[in-house]
Amino acid sequence: MSATIQDVTTRVASQPTLARRAKAFEASPWAEAWDLVSRHPDPIYFGNGAPAREAQPLDRLREAGARAWREADGVLDYGEVEGYRPLRELIAARLARRGMPVDPDEVMITNGSQQGIDFVARLMLDPGDQIVVEGPVYIGAMQTFDAYEARYLVVPVDDDGLDVAALDRLLSTTGARPKLIYTVPTFQNPTGITMTRARRESLLSLARERGILVLEDDPYGELYYGASPGAPLAALDPAVVHLGTFSKTIAPGIRVGWTVAPRRLMDLLLMAKEGSDIHTDRIITRTVYHTADGFLDDHIAALRELYRQRRDTLLAGLQRHLPPDLTWSCPGGGFFVWVRLPDGFDADVLLPIAAAHGVAYLPGSWFYPAGQKVHDGFRLSFSSLPIEQIEEGTRRLGEAIAAYIE
């Protein structure tokens, strides 16, 4: 029987019956760097952009899960497409504290913010439509946009965030008419940079003038390690579609996020969700609500201190071990530091050398669309590594870069 199944699988895979979008699913960009460094007897992997495992509130989740199951009468039936209302009310209240008052009816619970990206792309993009993305841009967003066969307009990120003046010049000189601007304006993935208030206002003004929808991805907004980064884009313009998640503040495995959108779009988003998965897991969303209610503020305060120490350790290690002609971002929050190599050096070439020294990162070229790749930077994530591994990892990285330069 197994031989027959394998034969059928091989035959189907060899026939040219797949949709064009299938090319977007041919390989995972996340695995390559780990595969290289995992051959080392003591690997240190700066590629994991996930929360610290020890920061996941397991006891609280167990208690909340037990309570959710105790309340489960009727919950295992088909249910609310928009998500558990008390959880939507909790999210709306937290957003209001950040200067973004929304009605719970403008909040839809999703399977992580990644699903929100997918639903917006599904509603907005026909094959060949243009979208604006940051350069560099979050890999997972590109995976989604690639599946909808979008064409990219890549706009550089500098120390103030997405370069709105460069975007304006690009649109004016090319006559491009993108449908969507996708941005992570706060503690950006992968650079860690936060868009300034002036840039935010300029971006929103340009989007209004040109009739472009702004999609704001905000996984890290509450994870700041000094001053608050300020209000989200959606607080400045209610036409912005805003994405958030509990993946970074509670745990990624629960797959609970949210999408906030104007009501004219929310009805369509709800139907897109109903057609995709009918509704989000009703036990898990209740578990998340009981976990977060009366607990999340103190938990996030502890996370800020944990990740601040790890960020500071990474920055100190880079200062101590890297050559003086390298530069890097100094994020005020989030999980990432972006390192830039001198002109003429390539982070893709450096990666196997670093892996041989027992340390790995994600090369910057992976954060650009095909045909528009830039190779002089790389992303380091400090969130999931203990202090001693961060210290040792920066030492190994310095040795690898010295070997590469020599």
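Salt bridges first: I looked up the total for this predicted model and got 31.

**Arg263 and Asp103.** I picked this pair to start with. Their side chains meet in a salt bridge, with N to O at 3.3 Å. I then checked where the two sit: arginine 263 is in helix H10 (residues 263–277), while aspartate 103 is in the loop between helix H4 (85–97) and strand E2 (107–110), so the contact ties together parts 160 residues apart in sequence. On accessibility, I noted arginine 263 as partly exposed at 44%. Aspartate 103 also came out partly exposed, at 29%.

**Asp126 and Lys179.** Here I found the closest N and O atoms 3.7 Å apart, which is a salt bridge. Both partners are loop residues: aspartate 126 lies between helix H5 (112–124) and strand E3 (130–135), and lysine 179 between helix H7 (164–174) and strand E6 (180–183), so parts 53 residues apart in sequence get tied together. I have aspartate 126 down as partly exposed, at 47% relative accessibility. Lysine 179 is partly exposed too, at 30%.

**Asp158 and Arg199.** The closest N and O atoms in this salt bridge are 2.9 Å apart. Buried or exposed, I wondered about arginine 199? It is buried, because its relative accessible area is 16% and the cut-off is under 20%.

**A network.** Last, I looked at residues joined through several bridges. Asp42, Glu392, Arg395, Arg396 and Glu399 are linked in a salt-bridge network.

Notes: Residues numbered from 1 in each chain as written. Predicted model: local features only at pLDDT ≥ 70, side-chain atom pairs only at ≥ 80, totals over all residues. Heavy atoms only, no water. Salt bridge = Lys/Arg side-chain N within 4 Å of Asp/Glu carboxyl O. Helix = DSSP H or I, 4+ residues; strand = E, 2+ residues; numbered from the N terminus. Buried < 20%, exposed > 50% of the residue type's maximum accessible area, 1.4 Å probe, protein only.
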